[in-house]
Amino acid sequence: MTAHPGANLRVNADRLWDSLMDMAKIGPGIAGGNNRQTLTDEDAEGRALFQSWCEAAGMTMGVDQMGTMFATRPGTDPDALPVYVGSHLDTQPTGGKYDGVLGVLAALEVVRSMNDLGVKTKHPIVVTNWANEEGARFAPAMLASGVFAGMHTLDYAYSRKDPDGKTYGDELKRIGWLGEEEVGARKMHAYFEYHIEQGPILEAENKQIGVVTHCQGLWWLEFTLTGREAHTGSTPMNLRVNAGLAMSRIIEMVQDVAMSEQPGAVGGVGQVFFSPNSRNVLPGKVVFTVDIRTPSQDKLDRMRAKIEAEAATICEALGVGCSVEAVGHFDPVTFDPTLVGRVRDAAERLGYSHMNIISGAGHDACWAARVAPSTMIMCPCVGGLSHNEAEEISKDWAGAGCDVLLHAVLETAEVVG
């Protein structure tokens, strides 16, 4: 074969779809999606099914001390570094059937198709299921890949607690998926991740393939505003120390800051806690998190500085105390131009419509990019809906992206023969 696999090489889209539907039976949600949160019994069951499929495809399974799973298909050169392909099997509490799962099972389908076609590669291929990508049960998100990339220590990760006070380390042992491999000891030739877009752009533009060039940087800024609890009916307006009013002005300000940095910047608030949260009591304390994202490092730095400065001014004018803590962060990522080019070329050769796209969400690929050349492929999702049980894609969309993944991986892993 040539360096470019022939355009007639395709995956088995029906088999990929069947695998997605079989995995979705484990940890069903209440409205058609999934609740397979990390390190739960359902997660353990999904992992066991995935392992059985990998072993049936002739791969050997390794597990590291964070519980990340690595299924290896050998290459012809024992000294060649592997090409890693994967995503995550854990879901949100009310998650869909495709977020993360598509990337893991598409990677498995790449190997299954290679087996069917009798294709050998110089580099091994490793199908990867990163642990705790979602961060829904144990914050922060992308925890295992973060430890792998040296962003967190193993002790830090093990000490993370869920809402019931259970630790990551204890729960990993409990479900039986604590591996012995040192986290991050593996070396990668390249890393590919296939994912649903989780946004509306590809569907709106009627494109089958998203060629992901960048991943947005992010700050989560947790504000704690301190006012004075007081009766909403009997406290005169001019005598109030209203933390809720300060919060509302900050949210409006965040909107203005994001709009002033258009195009390519977003900002908003998705979580607010009022205390005491009573209808007729002004809040004595308000805690909320500002989420800002952009692929530009300059914009990200500028937005954070402006938001923190203007929030302080707003609170001072109202006599409200203000403190802020950064509770989540990663810098913008530029994916490897060579791998991005291979994805784009594969889409061209296969005749799939495509466009460049920036990932609005964080992914394991963002951390993998710190230790190896990395990139992502995206497929559309209906209405851009994700982190929702109504999340939906089509079999054709799933198959098209998996075809592109197959070709980009084969070119990178170097077909032999």
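In the predicted model, helix α10 passes helix α12 in a right-handed crossing. The axes of α10, which spans residues 337–350, and of α12, which spans residues 395–413, come within 9 Å and cross at roughly 125°; the two helices are therefore oblique to each other. On the side of α10, the contact is made by L339, R342, V343, A346, A347, R349 and L350, while α12 contributes D403, V404, H407, A408, E411 and T412. Sorted by class, the residues of this contact comprise seven nonpolar, two polar and four charged ones.

Elsewhere in the model, four strands are arranged as an open sheet in the order β10-β12-β8-β13, with antiparallel pairing. From one strand to the next, the twist averages 15°. The pairing of β10 with β12 (residues 285–294) is antiparallel and extends over nine bridges; within it, F273 has V287 of β12 as its bridge partner.

Helix α8, formed by residues 243–260, lies across β8 (217–226), β10 and β12, and runs at about 170° to β10. Helix α9, formed by residues 297–318, packs on the sheet and touches β8, β10, β12 and β13, its direction making about 10° with that of β8.

Terms used:
Residues are numbered from 1 along each chain as its sequence is written. This is a predicted model: local features need pLDDT of at least 70, side-chain atom pairs count only at pLDDT 80 or more; totals for chains, interfaces and linings use all residues. Side-chain values use heavy atoms; hydrogens and water are left out. Axes are lines fitted to C-alpha atoms, for helices over the stretch in contact, and angles run from 0 to 180 degrees between N-to-C directions. Angles under 35 degrees count as roughly parallel, over 145 as roughly antiparallel, 65 to 115 as roughly perpendicular and the rest as oblique. A crossing is left-handed if the near helix is turned anticlockwise from the far one by less than a right angle, and right-handed if clockwise. Contact means heavy atoms within 4.5 Å. Ala, Val, Leu, Ile, Met, Phe, Trp, Tyr, Cys and Pro count as nonpolar, Asp, Glu, Lys and Arg as charged, and the others, Gly among them, as polar. Two strands pair if DSSP finds at least two bridges between them.
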